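User: Could we go through the aromatic residues of this protein together? I would like to begin with the term itself.
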Amino acid sequence: MRIALTRALVSVFWLATALYALLSAIPFASQQFLEPQLVPAVAAFAAWHTWLSLAALCMTAAGLAPWLRARDRAVCAFAGCWTAVSLLTFATKGLSALEPSKLAMVVSLSALVPPAWLALLDLRRPGMDGTPAPREVGAMADFLACAAAALVVSVTHALFTLWAGAVPTAVWFVGLGRSATLHLVVFSAIFAVTSVVRGAARVGRRPDVVEAWLARTVVAALLALFMHRVVLSSLSSTGPTAVMMAGAFGATLGLVLGPRGTRAPGGVETALSGLVPLWASRSPALAGLWLVLAMGAVAGAENAISASDWNFTVAKLIALCSWLVALATAFRALGSRFRPAKSPAVGTFAPFAACVLVLGLQQLAWTGVSGAADSGTSAWTSGDASSRLIVNAMTPSAPAEAGLYAYLQRNTNIPHTVHVNPVNVEFAALHGPSAHRPHVFLFVVDSLRRDYLSPYNPAVSFTPSIGRFAGESTVFERAFTRYGATGLAVPSIWVGGLLLHKQYVTPFGPMNTLAKLLAAEEYARWMSMEHIVETIVPASAALEPLDVGVPVRNHRFCRTLQEVRARLDRLTAAGRPAFVYSLPQDVHVSTIAREGSTPIDDHDYGGFHPAYASRVGRMDACFGEFVDDLKTRGLYDESVIILTSDHGDSLGEEGRQGHAYTIFPEIIQVPLLVHLPTALWSRFSADPAATVFTTDISPTLYALLGHPPTRPSEIFGHPLFHAASAAPAARQRAAMVASSYGSVYGALLDDARRLYIIDAISLREYVYELDGSAAGRAVPVHGEDREAGQRAIRATIGEISRFYAYDPG
C-alpha cells in the first residue's frame, strides 16, 4: 500500500504538471483557458505549484523512507533530482508564468520523467514476497475477462444515461442492448490483441517478462493514439510535435499503469497492475466491490464534468479509464479462476468462434446506433460517453476534396512562432469628429442564445425588459457570429470582418477599424477590460476601464451596468460622447458550472435550462433598469444601443454542452438588437429579415456617424442600416463561419437557410436546415451541399490569406 500510494501521488502531481505545461504551450488554450483563470482550481495549482511540489516531495520521501535509509542509489537519485528541481523553481516565475513557447513544451516533457522513473524502479524490499509465479492462462479465460469487462462498462454507462434522464425509459433497454453489442465488438478486438501478445511472447526464453513488456508497449501505443486523436486534436495540436507529445504521454502512462515490482502475475496482467489494488485480486467478491467503487467514481466524474466538458473530450477520457479498470480487474479476477481446457477445441477454438460471432454483429450494432434517426437513439449515443467514443472511432472520415483537411489545419491556429505583419484596414477616410455623435453602448453578452430572449421566442416569459427594448429597436431575425467561441468572435467585431486564424497578429491596432473610428470621433471609452480586449485595443488616454480589479470570470452584467449608471451624470455635462463596451460572463458555461449549475431563483422555467434562464432573467431586470435610467436622464434618444452576443451555446442538444470548438446552429445563431437615436430613424432603414453578422457592427457605426464604409475585401462586413433612399447592399449567398479554437469550418448556404459543417478534427461533416429553431434540423449530407460548402470555405480562407499577406506554405 505504501508503494501504491507513493506512486499514485507522484503520478497525479507530475502528470497534472505536464498537462498544465502542455496547455500553456498551445496558444488558444493558454490565452482562452489559462489566462482568464476560468477554472480557479487550475489557476491555484499553477500559482502554488512550487510549494505543492515541496509538499509532494516530502510525502514521497516519507513513502520511500525505507529505500532512502538503505541508500538505494536509484531512489536517492530520484529524490535528489526532485529536490534540485523544487529549489530551482524558487528562482523562476513558476508554472503560471509559462507562455506558448518551446520552453513550455520542454517543461511538459520533463514533467513526465518522474512518474516514469518511479514506475521503472523495482521497489520490493528485501524479504518481501516476490512476484507470483507466472501462470498459463487459457484463451477462454481471456475471452471471458474481455466479455465481462465489456458488459461492466456498457452497463455502467447505461445506468448513468438512465440516471441523467438522457433517454426515455422505453428507449433505454434498446440502447443498452446496442451499447452492449458495441462494447463486445471492441473488447473482442482487445481479446484478439491479447492472444497475439501471449502467442508472440512464447518465442522468448522468459515468456512472462516478454509478454509483460509487449503488453505495456501495446497499452502505451493505444494511449498515445488516444492522446493524439482525441485529446490533442481537440486542442488543435497537430503535426510532428503533437505526435511526439502523444508518444511521450502514452509511454509514460503505459509505465504508470504497469509499474515494475508489483504483486501481479507476470504477463498481460502486469501491464494494467497499477489499476487494481492487491486486496481486490483476492476473491471475486472483492474484485466486484472494487468494480462497484471504481465505476461509481466514473459515473460521478462524468456527472461533474457534464455541464462544462470540452466537446466530450474529458468524458471520453473518463470512458477510457473505465475500460482500463474493468479490463485490469477482469484479467486479475478471472485469470486465476480458469485453467486452460484440456480439449484444444474447447480451450482455443471456442473463444475465437465466439469472438467471430460477436464481430459478426458489428454491422447490426453499427447500423442500430449510428444510423438510427430517432431522437431517443441519438440522445443515447450523446449521453453514453463510452458508446460515443466507439461510434466516433468507427465512423469513416467524411469525404473532402483533395488536400482539404490538411489545408484547413495549416490555416488554423497559426503558431506564435509564425510572425505575420498586421495589415492596415480602413473603411473610410476619417478627418475629425462628426457634427452629431450619439453615445454608443455595445453589450456583447458572452454565450447568450437568442431563443432565450422573448423577441426571438414567444415562449420566453423571463425577459420582459428586453422585449420592451425590442419594440423600440430593430431586431435582426437572422443574425450570426462569424466565429464560434470568444477567441476570434470578439476581435472580428472590432475589425468588422474575418481574420487570420491566429491568436493574435500583433500589433493589432492597424486592423482594428472600430478603435480607429472611436479615436477619430474623440469618444470617451468606458470598457470592461479582459485579456482579449487588452490585446486588440490600443492604449489610449480616453480609455476608462470598467470592472477594475474584477477577474474576467466574475464580470457580471448587473455590476457593470451599475458602474456605468454611476457615471451617466458626466455625459449630460461633458458634451463628449461615450462608447461603452462590456463582455458579461453571466451565462458562460464555466460560470454556470462554477456556481453549481443551479438556478438563482425559484421560478419555474418550463422547458428551458433553469440555471441558464434564471441568469438571463437577472440580466434582463438590470438591463431594464439601465434603459429606464437613460430615459430619465434624456440620454436614451441620444444613444445607439446594441445588444448582442459573441456566440451562442449548446445546452443539451444531442448531448452537447458549451461551445468548445463546435459551430452547430445553436452556437452561430446570435441575438442582435439595435436601438437608434430618434434623429437617425428618419435617415436610415434596415431589413430585419436579412442575413447579417456581428462583423457588420463596426461598418454600421461608420455609416451612422457619417462615414459610408468601403469594404477593402469581401471578407468584411456591411452596414446593418442603409440610407433610406438607397437600396441595401447585396450579400453573398454563401458565407463562411468557423471555430475560434480548432479546424472546424462551416458555410451558410442558400441565404443562410442551410449550414454545412466540416470538422477537420474528427473528420466529420454535417448539414443542418436552419428552420428558425435554436438547433436547426439535421439532414443527410448531399453532394451539392458538400461541394458548395467546401468550395465556399476554401475560397474564403484563400481570400483571408491573400488580404493579410499570409502564405501557409
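Analyst: Rings of Phe, Tyr and Trp (its six-membered ring) pair if their centres lie within 6.5 Å; planes under 30 degrees apart count as stacked, over 60 as edge-to-face and the rest as tilted. Ring pairs of this kind join Phe 13, Trp 14, Phe 45, Phe 78, Trp 82 and Trp 117 into a cluster. The model is predicted, so local features need pLDDT of at least 70, side-chain atom pairs count only at pLDDT 80 or more, and totals for chains, interfaces and linings use all residues. Residues are numbered from 1 along each chain as its sequence is written, and side-chain values use heavy atoms, with hydrogens and water left out.

User: How many aromatic pairs does the structure hold?
Analyst: The structure holds 35 aromatic pairs. One of them joins Phe 469 and Phe 623 edge-to-face, at 5.0 Å centre to centre and 90 degrees between the planes.

User: Which helices do Phe 469 and Phe 623 lie in?
Analyst: Phe 469 belongs to helix α20 (residues 464–471) and Phe 623 to helix α26 (residues 610–632), so the pair ties together parts that are 154 residues apart in sequence. Helices (H or I, at least four residues) and strands (E, at least two) are DSSP runs, numbered from the N terminus.

User: Is Phe 469 buried or exposed?
Analyst: Phe 469 is buried, with a relative accessible area of 1%, and Phe 623 is also buried at 1%. Buried means under 20% relative accessible area, exposed over 50%, and partly exposed in between (1.4 Å probe, protein chains only).

User: And what about Phe 476 and Phe 721?
Analyst: Their ring centres are 5.8 Å apart and their planes stand at 80 degrees, so this pair is edge-to-face. Phe 476 is in the loop between β2 (474–475) and β3 (478–480), and Phe 721 is in the loop between α29 (697–704) and β14 (722–723), so the pair ties together parts that are 245 residues apart in sequence. Both Phe 476 and Phe 721 are buried.

User: Changing topic: which residue lies over the face of Phe 312?
Analyst: Arg 388 does, at 3.7 Å from the ring centre. Lys 631 lies over the face of Tyr 636 in turn, at 4.9 Å from the ring centre. A charge sits over a ring if NZ of Lys or CZ of Arg is within 6 Å of the ring centre and within 35 degrees of the ring normal.

User: Where does Trp 48 lie?
Analyst: Trp 48 is in the loop between α3 (40–47) and α4 (49–63). Trp 48 is exposed, with a relative accessible area of 53%.

User: Finally, how many helices and strands does the chain have?
Analyst: The protein chain has 30 helices and 19 strands. Of its 809 residues, 56% count as buried.
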